[in-house]
Amino acid sequence: MVIEKDKSLKHLNTFGIDAKASYYAEIRTIEDLCAVILHPMYRSAPKLILGGGSNILFKQNFNGLILHNLLQGIELLNEDENFVFLKAGAGVIWHEFVLYAVQHGWGGIENLSLIPGTVGASPIQNIGAYGTEIKDTFYELEAIDLQDATTHRFNATACGFGYRDSIFKREAKGRFMIVSVTFRLSKSPVLNTRYGAIEQELQAEGVTQPTIQDVSKAVIAIRSSKLPDPKIIGNAGSFFKNPEIPTSQFETLKAVFPELPGYPGLEGTTKVAAGYLIEQCGWKGKVIGKVGMHRQQALVLVNHGGATGQELIDHAVRVQDSVLEKFGIHLEMEVNIL
Ligand code: FAD
Ligand code: EPU
């Protein structure tokens, strides 16, 4: 296995930030991974697992070892009358995994079509879209402890999934490399088309009896029309989480801003659309230097070309400050800052 030095990460993160890593290794087998983390030269080095780089913002160079996850393979582990247990190597591209399941008629992840990145990153923030999260079909994952190369298995309870959250963003942050994930998919899928835009897209296409293929296609069409393509304009999807605020606070705000979108959240909270809050503060489509919030989706921070990680963070903080001032709501960053 080759370990590269002073590796440019520009083409390995979807913001296109020109940061460098002191050391960089492509991980294609678990043996390679164990060999490199136990090697005396790298044992105590800070380590970062990199998948598709679609949820990372490099504020500075990374002074340590980047382990680029390229572990491949999709395997049907088991099946019964109703379900299949489908295991994927952590480096499989998420959307390719979704298409594989959809083509076989196995349901449960079709609403998550076209989310960038890898299967291995999907549990980190419990990826979600259009009324579905991976926790709904997740069965278990295998991970290697970066300290001692031991193997660990986590079921859904052990992962502590929440909205854009899991233990891998909290107490277990940076400790493991996820090497495979197994999903339990349905042979008789129940479609989830509650999210308004999906219904509208299916209607527009004249689909009256949708299949999971139709839902996947509808999601692809909606996403392609709204979200900027990172190959053209640097971004990492939603930069902030949608905030969950006490429902009483939501009702007070709603009296002043009747159009404020809100959805029932956990225990007396309401989840508010951060895109609306940011748009109301005047940031949608506004460009400051090389950065701004996207003109079609105010929740997406974009690099218009050549911005540094620090310039993007500075802009995110400006947006946070103005939303706090106008609405009294703190926006939490969703993207992983390094
Ligand atoms: P990376 O960005 O490479 O890594 C993200 C974090 O996970 C880092 O902290 C990294 O160290 C860690 N990590 C990655 N792989 C592993 C591993 N194998 N083991 C341990 N740690 C690991 N997200 C959604 O939830 N819903 C969306 O609808 C959505 N839409 C998006 C749209 C666009 C245009 C873009 C650019 C991003 C979007 N995202 C969305 C965010 C992103 O696609 C997901 O978070 C995705 O799971 C990141 O995968 P990745 O492989 O690129 O992870
Ligand atoms: N809105 C605005 N202005 C905007 C954007 C949104 O007013 O510029 C309002 C609209 O009322 C709209 C509502 O916000 O109806 C919701 O917008 P949208 O359906 O685009 O979804 P979102 O809440 O902005 C979330 C996820 C996305 C996910 C979509 C679809 C978060 C942080 N973001 O965005 O995930 O794809 O729903 O389910 O939860 C990501 O995590 O990177 C991501 C893209």
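Me: Let's start with ligand 2. Which residues come nearest to it?
Reply: This is a predicted model, so keep that in mind throughout. Ligand 2 has 23 residues around it, and the ones that come nearest are Y130, Y163, E279, Q297 and E334.

Me: What polar side-chain atoms lie by the oxygen atoms of ligand 2, say from N242?
Reply: For N242, a polar side-chain atom is 2.9 Å from an oxygen atom of ligand 2. The side chain of E334 has an N or O atom 2.6 Å from an oxygen atom of the ligand, and for the side chain of K226 that distance is 3.0 Å.

Me: And how much of ligand 2 does the protein cover?
Reply: On its own, ligand 2 has 820 Å² of accessible area, and the protein covers 81% of that.

Me: Which element gives the most to that shell?
Reply: That would be α7, with three residues. Helix α7 spans 274-280, and α5 (212-226) and β13 also supply at least two residues each.

Me: How does the shell around ligand 2 split by class?
Reply: Eleven of its residues are nonpolar, five are polar and seven are charged.

Me: Okay, zooming out. What domains is the protein chain divided into?
Reply: There are three stretches: domain 1 covers 3-69, domain 2 covers 74-186 and domain 3 covers 234-337.

Me: Which of them does the shell around ligand 2 draw at least three residues from?
Reply: Domain 2 and domain 3 each give at least three residues to that shell. The two domains also touch: five residues of domain 2 are in contact with six of domain 3.

Me: How many Å separate the centres of domain 2 and domain 3?
Reply: Taken over C-alpha atoms, the centres are 27 Å apart.

Me: Switching to ligand 1. How many residues surround it?
Reply: 32 residues do, and the closest are I49, S54, T118, G128 and R223.

Me: What about backbone atoms, like those of G51?
Reply: A polar backbone atom of G51 sits 2.7 Å from an oxygen atom of ligand 1. G53 has a polar backbone atom at 2.9 Å from an oxygen atom of the ligand. From a side chain, R164 places an N or O atom 3.4 Å from an oxygen atom of ligand 1.

Me: What share of ligand 1 does the protein cover?
Reply: It's 93% of the 980 Å² of accessible area that ligand 1 has on its own. The elements that give two or more residues to its shell are β3 (47-50), β8 (128-129), β12 (176-186) and β13.

Me: And which classes make up the shell around ligand 1?
Reply: There are 16 nonpolar residues, 14 polar ones and two charged ones.

Me: New topic: K241. Where is it found?
Reply: K241 is in the loop between β13 (234-238) and β14 (244-246).

Me: Is K241 buried or exposed?
Reply: Buried, because its relative accessibility is 11% and the cut-off for buried is under 20%.

Me: What is K241 in contact with, leaving aside its neighbours within four places in sequence?
Reply: The list is Y163, R164, D165, A274, L331, E332 and E334.

Me: Last one: where is T269 found?
Reply: T269 is in strand β16, which covers residues 269-272. Leaving aside neighbours within four places in sequence, T269 is in contact with E244, I245, P246, T247 and P264. Its C-alpha atom is 8.2 Å from that of S248, 21 residues apart along the chain.

How values were computed:
Residues are numbered from 1 along each chain as its sequence is written. Chains are lettered from A and ligands numbered from 1 in the order in which they are written. This is a predicted model: local features need pLDDT of at least 70, side-chain atom pairs count only at pLDDT 80 or more; totals for chains, interfaces and linings use all residues. Side-chain values use heavy atoms; hydrogens and water are left out. Helices (H or I, at least four residues) and strands (E, at least two) are DSSP runs, numbered from the N terminus. Buried means under 20% relative accessible area, exposed over 50%, partly exposed in between (1.4 Å probe, protein chains only). Contact means heavy atoms within 4.5 Å. A residue is near a molecule or strand if one of its heavy atoms lies within 4 Å of it. A polar contact is a pair of N or O atoms within 3.5 Å; within protein, one must be able to donate a hydrogen and the other to accept it, and residues adjacent in sequence count only if both atoms are side-chain atoms. Accessible areas come from the Shrake-Rupley method with a 1.4 Å probe; for residues, only the protein chains shown count as cover. Ala, Val, Leu, Ile, Met, Phe, Trp, Tyr, Cys and Pro count as nonpolar, Asp, Glu, Lys and Arg as charged, and the others, Gly among them, as polar. Domain bounds come from an automatic or database domain assignment.
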